[in-house]
Amino acid sequence: MLNTSLIEKLVPPMPEILTAELRLDSTIQELPLYDFEAEPTDLGMKVAQMFEANPFLPGVVLKDGNQFGGMISRRRFLEYISRPFGRELFLKRPLRSLYRFAQTDNLVFPSDTLIVDAARSSLQRSAQLLYEPIVVEFPSQTYRLLDVHELLVAQSQIHELATKLLRQQTQAQMIQTEKLASLGQIVAGVAHEIRNPVTAIVGNLGFLTNYSEDLMRLLSTYDREFGKDNPIIDELKQDIEFEFLQEDLPEILQSMKVGSERLNELVSSLRSFSHMDGTSRKEANIHECIDSTLLILKNRLKHSVKVVKNYGVLPPINCYSGQLSQVFMNLIGNSIDALEELPEGENYSRVIKIETELIENYQEDSLNAEVKTQNNPWVAIRIADNGPGIPPEIQRRIFEMFFTTKPVGKGTGLGLAITHQIVTEKHNGKLNLHSTPGTGTEFEILLPLV
């Protein structure tokens with residue numbers, strides 16, 4: 001019979017089962033941990049009593065003062081004392097005697113280790129060590145034991161959670177894609193409906209200008225030949241402010257012409273931006289795609305942001321022009337968002353620089369660190385701003401789907417991910433990010449000229 005009072009003093013309580021839901025970034029310190037430590041000089045009988053009183057205890061941590069001295073699992077302890085003469089050899093001797101025979105490679109993790117990382121490392125052990133408990137190390141040089149069963153159950157729950165979140169994100173992406181496709185069709189339809197009357201206005205303004213000039217010339221001639229010293233005509237001129245009318249009418253017609261031409265350009269840009277590219281590429285002028293995008297974004301640019309364009313000489317590019325317009329819209333829109341975060345100052349100019357270049361002999365670093373020269377020329381489009389820049393820890397995730405630093409309702413986390421997909425997958429190109437916090441950000445689009 002075991003000493004019951006001694007057991008009550010020696011056996012630690014069962015760990016509390018946490019009711020908090022696990023997250024994708026949950027750590028092993030959030031799992032049920034066992035607090036069971038012994039000195040190497042303690043007798044084996046002490047451990048046997050603890051194991052008998054607590055059938056769920058996975059093992060014992062050996063502490064030599066404040067130093068970690070090893071771990072003996074329940075399974076190996078029972079295995080050795082079950083051997084012939086095992087009870088006589090190990091129960092009445094210090095634990096260090098048993099540890100010389102039962103010691104194995106211990107898996108020790110810091111308490112802030114992610115559950116998924118700990119489970120992966122645990123499953124990579126050999127079959128003999130697969131169910132050995134894991135030692136969890138806390139900063140205060142205290143150690144706890146984690147049952148592998150608890151770890152794998154938690155890992156399974158996180159896997160289910162990840163699957164659920166991925167399903168929800170995929171569904172949200174499909175909904176967003178459908179919305180964008182529907183919006184593109186609506187914009188294309190509205191642009192088509194607007195273009196007809198706008199074309200009529202633009203076409204007729206030329207005739208109207210010519211007619212007004214002819215009428216003015218006729219009135220001037222009539223006035224010169226027959227209107228002298230005619231009080232009725234003089235009174236009417238004064239009443240309608242004829243001299244001002246002569247000066248203002250051409251300006252009004254010119255203003256109407258400029259406005260209608262700009263509206264016509266805007267409609268063309270909307271049609272180009274919402275163009276459904278289909279399954280085949282077509283030749284397009286990259287500069288026209290960029291200018292169309294800038295025209296759509298003009299309302300956000302005209303007051304606070306200056307755009308500096310430095311266009312190189314580019315040939316027509318075989319591409320999906322509508323998709324590239326979406327790329328330019330996302331990148332320029334992000335630059336505007338970044339610049340709007342800066343405080344307004346008299347001595348500070350918010351600038352977006354757009355540069356294009358034809359690279360005849362493009363070179364890239366291959367995976368084996370050798371320099372590989374491409375035979376075909378490439379086109380480079382660089383969109384840079386002098387905004388606050390992107391922190392290095394965020395740069396690694398900038399192209400991840402649904403990753404965003406914008407507040408809820410303003411960012412979906414889809415823009416840069418879709419941009420990266422269009423450039424790399426649809427056009428076999430590259431999308432590079434160069435950003436320095438406090439200096440600015442540059443996105444470089446590289447497209448092979450095929």
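1. Contact here means heavy atoms within 4.5 Å. The model is a predicted one. By that cut-off, Thr293 touches Ser325, Phe328, Met329 and Ile332, leaving out residues up to four places away in sequence. Thr293 is placed in helix 10. Its relative accessibility is 1%, so Thr293 counts as buried. The side chain of Thr293 also has a polar atom 2.9 Å from the backbone oxygen of Cys289.

2. Gly333 belongs to helix 12, which covers residues 321-340. Which residues does Gly333 contact, leaving aside its neighbours within four places in sequence? They are Leu297, Arg300 and Phe328. Phe328 is also among the residues that Thr293 touches. Between Gly333 and Arg300 there are 33 residues along the chain, while their C-alpha atoms are separated by 9.0 Å. With a relative accessible area of 9%, Gly333 is buried.

3. The next point concerns a pair of helices. Two packed helices are described by the angle between their axes and the distance between the axes. Helix 3 (residues 74-81) packs against helix 5 (residues 95-102) at an angle of about 100 degrees, and the axes are 11 Å apart. Helix 3 is therefore roughly perpendicular to helix 5, because angles of 65 to 115 degrees count as such. On the helix 3 side the contact is made by Arg76, Phe77 and Tyr80, and on the helix 5 side by Leu98, Phe101 and Ala102. Five of the residues in this contact are nonpolar, none is polar and one is charged.

4. Salt bridges come next. Side chains of opposite charge can pair when their charged atoms come close. The count for this model is 14 salt bridges. One of them joins Glu132 to Arg75, with the closest N and O atoms 2.8 Å apart. Glu132 sits in the loop between helix 6 (115-123) and strand 5 (134-137), whereas Arg75 is in helix 3; this pair links distant parts of the chain, 57 residues apart. Glu132 is buried, at a relative accessible area of 2%, while Arg75 is partly exposed, at 40%.

5. Another salt bridge pairs Lys309 with Asp291, and here the closest N and O atoms are 3.1 Å apart. Lys309 lies in strand 8 (residues 305-310) and Asp291 in helix 10 (residues 286-296), so this pair too links distant parts of the chain, 18 residues apart. Helix 10 is also the place of Thr293. Are Lys309 and Asp291 buried, partly exposed or exposed? Lys309 is partly exposed at 43% relative accessibility, and Asp291 is partly exposed with a relative accessible area of 30%.

6. The side chains of Glu444 and Arg382 form a salt bridge at 3.0 Å, N to O. Glu444 is in strand 15 (residues 440-448) and Arg382 is in strand 13 (residues 378-385), so the bridge ties together parts 62 residues apart in sequence. Glu444 counts as buried at 11% relative accessibility, and Arg382 counts as buried at 12%.

7. Thr163 is found in helix 7, which spans residues 148-226. A polar atom of the Thr163 side chain lies 2.8 Å from the backbone oxygen of His159. Thr163 counts as partly exposed, at 31% relative accessibility.

8. The last point is about backbone angles. Most residues other than glycine have a negative phi, and most peptide bonds are trans. Gln141, which is not a glycine, has a positive phi of about 55 degrees. Gln141 lies in the loop between strand 5 and strand 6 (143-146) and is partly exposed at 37% relative accessibility. Asn428 has a positive phi near 55 degrees and is likewise a residue other than glycine. Where does Asn428 lie? Its place is the loop between helix 14 (415-426) and strand 14 (430-436). Asn428 is exposed, with a relative accessible area of 53%.

Methods:
Residues are numbered from 1 along each chain as its sequence is written. This is a predicted model: local features need pLDDT of at least 70, side-chain atom pairs count only at pLDDT 80 or more; totals for chains, interfaces and linings use all residues. Side-chain values use heavy atoms; hydrogens and water are left out. Axes are lines fitted to C-alpha atoms, for helices over the stretch in contact, and angles run from 0 to 180 degrees between N-to-C directions. Helices (H or I, at least four residues) and strands (E, at least two) are DSSP runs, numbered from the N terminus. Angles under 35 degrees count as roughly parallel, over 145 as roughly antiparallel, 65 to 115 as roughly perpendicular and the rest as oblique. Ala, Val, Leu, Ile, Met, Phe, Trp, Tyr, Cys and Pro count as nonpolar, Asp, Glu, Lys and Arg as charged, and the others, Gly among them, as polar. A salt bridge is a side-chain nitrogen of Lys or Arg within 4 Å of a carboxyl oxygen of Asp or Glu. Buried means under 20% relative accessible area, exposed over 50%, partly exposed in between (1.4 Å probe, protein chains only). A polar contact is a pair of N or O atoms within 3.5 Å; within protein, one must be able to donate a hydrogen and the other to accept it, and residues adjacent in sequence count only if both atoms are side-chain atoms.
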